[in-house]
Amino acid sequence: MTATKQAVWDVVALGEALVEFNQTRPGEPQYLQGFGGDTSNAVIAAARAGARTAYLTRLGSDAFGQALLDLWAREGVDTTAVERDAQHPTGIYFVTHGAAGHEFSYLRAGSAASRMAPAWLADESVKGPAAVLQQCRILHVSGISLAVSASACDTAYEAMRVARAAGARVAFDPNLRLKLWPLARARACIAHAVSLCDIFLPGLDDMAALLGLSDADAIADWGHAQGAATVVVKLGADGVLLSSADPAVPRQRVPGRSVALVDATGAGDCFDGNLLARLALGDDLAAAVRYANTAASLAVQGFGAVAPLPTAQQVQALL
């Protein structure tokens with residue numbers, strides 16, 4: 001860590017958090033309320049792994065926004081720099097279930113988080129977002145952080161710049177959602193984000209849809225060509241490919257764990273959060289990946305994005 005200010009936070013994430021309503025039985029109007037949002041899931045996973053964490057977002061001044069603040073308080077995620085918005089709502093989404101599997105329906109257009117703008121990061125107060133970015137070891141953003149609006153995209157880029165200028169590492173997961181933006185814009189914005197990151201965290205499905213790349217080595221090569229020093233390609237049940245831009249460091253495949261799959265919702269977010277937590281806490285990349293693989297294998301054995309995220313004690317017991 002070469003930041004000019006002492007690191008207060010191990011992992012900070014920026015993006016949109018959402019309140020979830022998950023249909024309890026197909027075709028019936030009963031829903032279980034939960035929480036979602038990829039970077040929120042990841043930062044909670046990092047907190048459960050033992051990292052000091054904070055989240056940067058905007059929420060509506062509504063009951064759903066308060067529910068998210070209460071969630072983060074329970075999980076030990078600092079929200080001092082979260083901004084409330086009396087004019088725009090907290091985003092929500094619904095999960096319905098049918099013969100074709102589960103389907104997501106979002107009510108997030110015009111949400112408080114989508115109104116993020118770079119000027120918000122200019123707050124230089126002691127507990128403002130700029131101070132949080134300048135005092136973290138790792139900043140995590142995703143393709144969804146970019147996709148919710150043009151101003152949110154610009155905000156994420158500025159956050160990456162501020163964090164790197166202060167000596168932090170930046171992690172980026174493309175987490176492609178083509179319902180949020182056109183493919184051509186996604187390609188351009190994600191490529192630029194990779195050029196601003198240190199740790200690129202793509203999955204096979206996302207890169208196949210984004211660029212037509214289905215080979216892990218080709219994905220790693222592309223990530224390095226954009227400027228990422230480290231690429232961690234998530235291969236699902238087949239594990240992970242680790243690649244460094246340093247030619248002296250050989251590529252390495254870390255196998256996955258074979259488990260009974262219950263629900264893969266949030267598995268990638270769990271992997272990201274645990275990986276970054278362990279890197280921030282001093283693990284080398286291979287050890288951090290093995291830890292994150294183990295954490296994700298536990299997470300897919302329960303329902304939902306947040307509830308099954310494991311604690312450090314659960315992961316260590318399985319390791």
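**Burial, salt bridges and strand pairing**

Colleague: Does asparagine 175 count as buried or exposed, and at what relative accessibility?
Modeller: Burial requires a relative accessible area under 20%. In this predicted model, asparagine 175 falls below that cut-off and therefore counts as buried, its relative accessibility being 10%.

Colleague: With which residues is isoleucine 190 in contact, leaving aside its neighbours within four places in sequence?
Modeller: Isoleucine 190 belongs to helix H6, which covers residues 183–195. It counts as buried because its relative accessibility is 0%. Once neighbours within four places in sequence are set aside, the contacts of isoleucine 190 are Leu146, Phe172, Pro174, Leu176, Trp181 and Leu210.

Colleague: How far apart in space are isoleucine 190 and serine 125, C-alpha to C-alpha?
Modeller: In sequence, 65 residues separate isoleucine 190 from serine 125. In space, their C-alpha to C-alpha distance is 30 Å.

Colleague: What is the relative accessible area of histidine 140?
Modeller: Histidine 140 is part of strand S10, residues 136–142. Beyond its neighbours within four places in sequence, it is in contact with residues including Val12, Thr39, Asp173, Leu201 and Asp272. Histidine 140 is classed as buried because its relative accessible area is 2%.

Colleague: How far apart are the closest N and O atoms in the salt bridge of glutamate 75 with arginine 48?
Modeller: Side chains of opposite charge can pair when their charged atoms come close. Glutamate 75 and arginine 48 form such a bridge, and it links distant parts of the chain, with glutamate 75 in helix H2 (residues 63–75) and arginine 48 in helix H1 (residues 38–48). Both glutamate 75 and arginine 48 are buried. Their closest N and O atoms are apart by 2.6 Å.

Colleague: In the salt bridge of arginine 164 and aspartate 198, which residue counts as partly exposed?
Modeller: The N to O distance of this bridge is 3.0 Å; it joins helix H5 (residues 150–165), which holds arginine 164, to the loop between H6 and strand S12 (199–200), which holds aspartate 198. Aspartate 198 has a relative accessible area of 17% and is therefore buried. At 33% relative accessibility, the residue that counts as partly exposed is arginine 164.

Colleague: Which residue meets lysine 234 in a salt bridge?
Modeller: Lysine 234 lies in strand S13 (residues 230–234), and its partner, 38 residues away, lies in helix H9 (residues 267–280). Both residues are buried. The N to O distance is 3.0 Å, and the partner is aspartate 272.

Colleague: Which residue in S3 stands opposite glutamate 20?
Modeller: Strand S2 (residues 18–23) pairs with S3 in the antiparallel sense, over six bridges. Within S3, the residue opposite glutamate 20 is glycine 34.

Note on methods. Residues are numbered from 1 along each chain as its sequence is written. This is a predicted model: local features need pLDDT of at least 70, side-chain atom pairs count only at pLDDT 80 or more; totals for chains, interfaces and linings use all residues. Side-chain values use heavy atoms; hydrogens and water are left out. Helices (H or I, at least four residues) and strands (E, at least two) are DSSP runs, numbered from the N terminus. Buried means under 20% relative accessible area, exposed over 50%, partly exposed in between (1.4 Å probe, protein chains only). Contact means heavy atoms within 4.5 Å. A salt bridge is a side-chain nitrogen of Lys or Arg within 4 Å of a carboxyl oxygen of Asp or Glu. Two strands pair if DSSP finds at least two bridges between them.
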